[in-house]
Amino acid sequence: MIPLNYVRPSPADQHAASRSFMETMITRRTVRDFSSEPVPFELIANAIRVAASAPSGANQQPWTFVVISDPAVKERIRQAAEAEERESYERRMSDEWLEAIAHLGTDWHKPHLTDAPYLIIVFKQAYGLKEDLETGEQVKVKHYYADESVGIATGMLLAALHISGLVTLTHTPSPMAFLRTICDRPENERPVVLIPVGYPARDAQVPDISRKPLDEVLVHIG
Ligand code: IYR
């Protein structure tokens, strides 16, 4: 064990930081119309540093963040995602599902996958792989709470990108196993979410939706 590195801020600083973070974060919107303007890689790297500092089951850090800026790879991803999404929208999704997302105005066309300067694909390591010292073979290591850990890391990633003045789309083409092949990731890694990142297009539009009020989502048992 080592001593915790913690500096307690003054109450005034606590309130100021809490308020400022809250005010910035609640302006985050999921964006589907991206500019192709380049983004400094440092902003992406810093956001992944933040995500990779997330708590995880047994501190196993069961994640890999694949960052793609190569236009040819983005194009392959777009082709594969649109093929799956077209099948989903036209055949696989239930009427109930289509109705639930109708107000978002989405369809199978995914131009953001080639417009956005970066795609970040978050992979979950369903289990770890380590070498058996006696046999030299790769053995599986159980990962605990991998879904929850990757979910928390992804939330922190989105927050860090938003704080950096970038916009994101949490996209989950379904099924998305093709991402493991295109990104050449090992068998233990599963794609969880595909996140285009960049600046919004000048004329970007978002659906006119609101968040539930605090008293609906916060239950205080005092
Ligand atoms: N994955 C599809 C459909 C979709 C599903 C939900 I749930 C959304 O909130 C939005 C879209 C797509 O990305 O278009």
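Student: In which helix does Val217 lie?

Tutor: This model is predicted. Val217 belongs to helix H8, which spans residues 214-217.

Student: Is Val217 buried or exposed?

Tutor: The relative accessible area of a residue is the value to read here, and over 50% counts as exposed. Val217 has 53%, so it is exposed.

Student: Let us turn to the ligand. Which residues surround the ligand?

Tutor: The surrounding residues are Glu85, Tyr89, Met93, Trp97, Ile101, Leu104, Thr106, Lys110, His171 and Thr172.

Student: Which polar side-chain atom lies 2.5 Å from an oxygen atom of the ligand?

Tutor: To read such a contact, one looks for a pair of N or O atoms within 3.5 Å. That polar atom belongs to the side chain of Lys110. An N or O atom in the side chain of His171 is 3.0 Å from a ligand oxygen, and for the side chain of Glu85 the corresponding distance is 3.1 Å.

Student: How much of the accessible area of the ligand does the protein cover?

Tutor: On its own, the ligand has 370 Å² of accessible area, and the protein covers 71% of that.

Student: My next topic is aromatic rings. How many aromatic pairs does a search of the whole structure find?

Tutor: The search finds two aromatic pairs. One reads such a pair from the distance between ring centres and the angle between planes; an angle under 30 degrees counts as stacked, over 60 as edge-to-face, and the rest as tilted. For Trp63 and Phe65, the ring centres are 6.5 Å apart and the planes stand at 40°, so this pair is tilted.

Student: Are Trp63 and Phe65 buried or exposed?

Tutor: Buried means under 20% relative accessible area. Trp63 is buried, with a relative accessibility of 9%, and Phe65 is buried as well, at 15%.

Student: Where is His112, and what does its side chain reach?

Tutor: His112 is in helix H5, residues 112-115. Its side chain reaches the backbone oxygen of Arg32 at 3.4 Å. With a relative accessibility of 3%, His112 counts as buried.

Student: Which residues does a cis peptide bond join?

Tutor: The cis bond joins Ser174 and Pro175, with omega at about -5°. Pro175 is part of the loop between strand S5 (167-168) and helix H7 (178-182).

Student: My last topic is charged side chains. How many salt bridges does a search of the whole structure find?

Tutor: The search finds 11 salt bridges. Glu23 and Arg19 form one of them, with their closest N and O atoms 3.1 Å apart. Both residues lie in helix H1 (residues 11-25), four residues apart, about one turn of the helix.

Student: Which residue forms a salt bridge with Glu84?

Tutor: The partner of Glu84 is Arg92, and their closest N and O atoms are 2.7 Å apart. Glu84 is partly exposed, at 23% relative accessibility, and Arg92 is partly exposed at 42%.

Student: Are Arg185 and Glu189 buried or partly exposed?

Tutor: The side chains of these two residues meet in a salt bridge, 2.8 Å from N to O. Arg185 counts as partly exposed at 26% relative accessibility, whereas Glu189 counts as buried at 3%.

Student: Which residues are linked in a network of salt bridges?

Tutor: The network links Arg86, Glu87, Glu90 and Arg91.

Technical notes: Residues are numbered from 1 along each chain as its sequence is written. This is a predicted model: local features need pLDDT of at least 70, side-chain atom pairs count only at pLDDT 80 or more; totals for chains, interfaces and linings use all residues. Side-chain values use heavy atoms; hydrogens and water are left out. Helices (H or I, at least four residues) and strands (E, at least two) are DSSP runs, numbered from the N terminus. Buried means under 20% relative accessible area, exposed over 50%, partly exposed in between (1.4 Å probe, protein chains only). A residue is near a molecule or strand if one of its heavy atoms lies within 4 Å of it. A polar contact is a pair of N or O atoms within 3.5 Å; within protein, one must be able to donate a hydrogen and the other to accept it, and residues adjacent in sequence count only if both atoms are side-chain atoms. Accessible areas come from the Shrake-Rupley method with a 1.4 Å probe; for residues, only the protein chains shown count as cover. Rings of Phe, Tyr and Trp (its six-membered ring) pair if their centres lie within 6.5 Å; planes under 30 degrees apart count as stacked, over 60 as edge-to-face and the rest as tilted. A salt bridge is a side-chain nitrogen of Lys or Arg within 4 Å of a carboxyl oxygen of Asp or Glu.
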